[in-house]
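The sequence and structure come first.

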Amino acid sequence: MPALVVALVSSCIALCVDAAPVSAHAAPTAVRSGWQPRPATYPGTVTQTDLAIPMSDGVVLRGDLELPADANGNAIDRRFPVIVTITAYNKASGSFSGGLTGGSPSYLVQRGYAQLTVDARGTGSSEGQWAAFSKREDQDAGEIVEWAHSRQRPWSNGNIGMSGPSYMGIGQIFAAGARPKGLKAIFPQVPADDVYRDVVASGGQVDVGFIPLWLGLVTGTSVIPPAVAATDPQSGFGALVDHLTAAATFTLPLVLDAMTGGDAAYDGEFYRDRSPERVIDRVQVPTFLVGGEFDIFQRGTPLLFESLQERGVPVKMIIGPWNHLQGSSGEGIGDAGYGSLSELQLRWFDRYVRGTPDPTLDTDIPPVTYYEQGSGEWTHAQRWMGDQHAETFRLSGSAASGGGIGVLTQGRTVDGRAIVPPVPVSGMCTRSTSQWMAGVPSTALADLPCWSNNAPNDKSGVVFQTDPGDTALRLRGPINARLYTSSPSGDGMLSVSVSDVAPDGTVTRLSGGWQVISQRALDQSRSRYLDGRLIQPYHPFTRASKKPLAAGEVAPVDVEVFPTAARIARGHRLRIAIQAFDAPHLLPSAPDLPSSLVPLTVRTGPLWPSVLTIPAVP
């Protein structure tokens, strides 16, 4: 199975690098001030492979070092600032051709940087056993930076930056949280904040779309015979044995435990240790974040930004209309208007790692740049959340699956109910499907209309929508759906999508959220409110917080709809659709499956004030 997953993802990477991401405008390389990227200083690069990087516990990690070279391919004999990337995808596997890594590092190297790419513990040519983002791996990240910072490295001037997307982006947060000597700036693309809520079990059900795909990718690339075996057979053989052991003792047991309702199905210390939110308040270095509105870490990247900005850390964030592979490749980032990914990294690292003055950086690039769905415009803000106000839309009357659309209104409501049928294939072939499989499906089958029109899927649940708007409605940030719900089993899941309905009936899914009914307990101290209204609920998702509904009980269930930015045009409608499944994204654990195969009832009206609350932008 891992080999199949690796082949699928690798083929998709090739497609994603060639395919243009969704975008509205092509932007010139130059930015408003006239800043231009400096030309290459050196004509070529040269790579040293599998350098030994000893960790404090004796385990040896391996890194490839790319250095500037002259026209004859000889390394330039001088010290350079170093960009460090730590990967779990085997630096020798070919994954560094684009999609998983953000592109070739040669652009920076030819402009006077050294690039050190290191296989994480238990992957590639590195020794040890992989245990994704364990505290030992976090410690490794800091030690790698300090190793590169050391004056013992004849190619390093001691100033270090870090780059890379996804796993490599998350690793940067942990490295910066360790505050290693020499680290000056980081550039994480599509990183997570809280891995449990962001991706592992959004809403309390287990992610069976992305997580197995990802674990299979790491495992598959890890059991490739290490490249270092050609020059150091003993180290290579030992690393391979460690990697095979980790697959049997970490990866497979983790998946089985989650799917059978074990501790891995609930939030707790295991996931807190692996979440960047644990260390983000220790990060002090300038940070440039890239996020995607259809990314698997759609929820987490803005939270990292807010935490850094609140503490005065120099930080910028660009959020575009990208899935995970698109956000990782950085292929469409030039559409934001500041240059390509490589040019942005050059400007960021020149300013904060190389120390080159750049007086127009902050005026050229606002703190927040985001793509606004609906208008297709790139817009800007000083804060992710700051100028918004809460607007609440009430669900009114009844709705029926397959038709019988209910009312979403800011006016008076009438009592009603809607029966949400348990359709296990709800969610199949939607923007959610592609999002939670990292963009693989919509890249491989780009012509399917279901990626851009959610109308067919909405018929598998119930729908409430507004009348056509007299004016445009803009929103930016997280959304809350409070739904008064009952269930004959006391459990089940509410899968919510928020959409824009065009006059021709096309339904564009803007974002989604999910919530297991038995995990409806609300931690008010960690929930977010806007104008006194709940806008981003926080649920504990522990074994202790699980409480099914009593027979006949109707209770409010707050569904966290992941943050987005959109403009609902004049004449369009705002829609909320509710299903009981989101396949192939989420699946109940085996013990919870029977109680999920039941119809759910959503109540509306004055007695049961089900509402959708959005962060509206003036």
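The notes below are grouped by topic.

This is a predicted model, in which local features need pLDDT of at least 70 and side-chain atom pairs count only at pLDDT 80 or more, while totals for chains, interfaces and linings use all residues. Residues are numbered from 1 along each chain as its sequence is written, and side-chain values use heavy atoms, with hydrogens and water left out.

**Overall build**

- The chain contains 16 helices and 25 strands; both are DSSP runs numbered from the N terminus, helices being H or I with at least four residues and strands E with at least two.
- Of the 618 residues in the chain, 63% are buried; buried means under 20% relative accessible area, exposed over 50%, and partly exposed in between, with a 1.4 Å probe and protein chains only.
- Among contacts (heavy atoms within 4.5 Å) between residues at least 6 apart in sequence, 78% join residues at least 24 apart.
- The chain exposes about 21,900 Å², and carbon and sulfur atoms supply 55% of that area. Accessible areas come from the Shrake-Rupley method with a 1.4 Å probe, and for residues only the protein chains shown count as cover.

**Surroundings of E372**

- E372 is part of strand β10 (residues 368-372), and its relative accessibility of 3% is why E372 counts as buried.
- The side chains of E372 and R474 are joined by a polar contact of 2.7 Å. A polar contact is a pair of N or O atoms within 3.5 Å; within protein, one must be able to donate a hydrogen and the other to accept it, and residues adjacent in sequence count only if both atoms are side-chain atoms.
- Not counting residues up to four places away in sequence, E372 touches E377, T379, R474, A565, A566 and R567.

**Aromatic rings**

- Rings of Phe, Tyr and Trp (its six-membered ring) pair if their centres lie within 6.5 Å; planes under 30 degrees apart count as stacked, over 60 as edge-to-face and the rest as tilted. By this rule the count is 21 aromatic pairs.
- The ring centres of W436 and F562 are 6.3 Å apart and the planes lie at 65°, so this pair is edge-to-face.
- W436 sits in the loop between α13 (431-435) and α14 (440-444), and F562 in strand β21 (residues 555-568), so the pair ties together parts that are 126 residues apart in sequence. Both W436 and F562 are buried.
- One aromatic cluster is formed by Y113, F187, F288, W348, F349 and Y352.
- R351 lies over the face of Y352, a member of that cluster, at 4.5 Å from the ring centre. A charge sits over a ring if NZ of Lys or CZ of Arg is within 6 Å of the ring centre and within 35 degrees of the ring normal.
- R431 lies over the face of F294, at 4.1 Å from the ring centre.

**Salt bridges**

- Side chains of opposite charge can pair when their charged atoms come close. A salt bridge is a side-chain nitrogen of Lys or Arg within 4 Å of a carboxyl oxygen of Asp or Glu.
- A search of the whole structure finds 26 salt bridges.
- D50 and K91 form a salt bridge whose closest N and O atoms are 2.5 Å apart. This pair links distant parts of the chain, with D50 in strand β1 (residues 44-54) and K91 in the loop between β3 (80-87) and α2 (106-109), 41 residues apart.
- D50 is buried, with a relative accessible area of 10%, and K91 also counts as buried at 10% relative accessibility.
- D387 forms a salt bridge with R476, the closest N and O atoms being 2.7 Å apart. Here too distant parts of the chain are linked: D387 is in the loop between β11 (377-381) and β12 (389-396), R476 is in strand β16 (residues 473-486), and 89 residues separate them.
- D387 counts as partly exposed at 39% relative accessibility, whereas R476 is buried with a relative accessible area of 1%.
- R136 and E143 meet through their side chains in a salt bridge (3.3 Å, N to O), and E143 counts as buried at 19% relative accessibility.
- A network of salt bridges links D57, R121, R136, D140 and E143.

**Backbone geometry**

- A583 and P584 are joined by a cis peptide bond, with omega about 0°. P584 lies in the loop between β22 (573-579) and β23 (586-587).
- C429 has a positive phi of about 60° although it is not a glycine. C429 lies in the loop between β14 (416-420) and α13 and counts as partly exposed at 25% relative accessibility.
- F541, not a glycine either, has a positive phi of about 60°. F541 lies in the loop between β20 (533-536) and β21 and is buried, with a relative accessible area of 4%.
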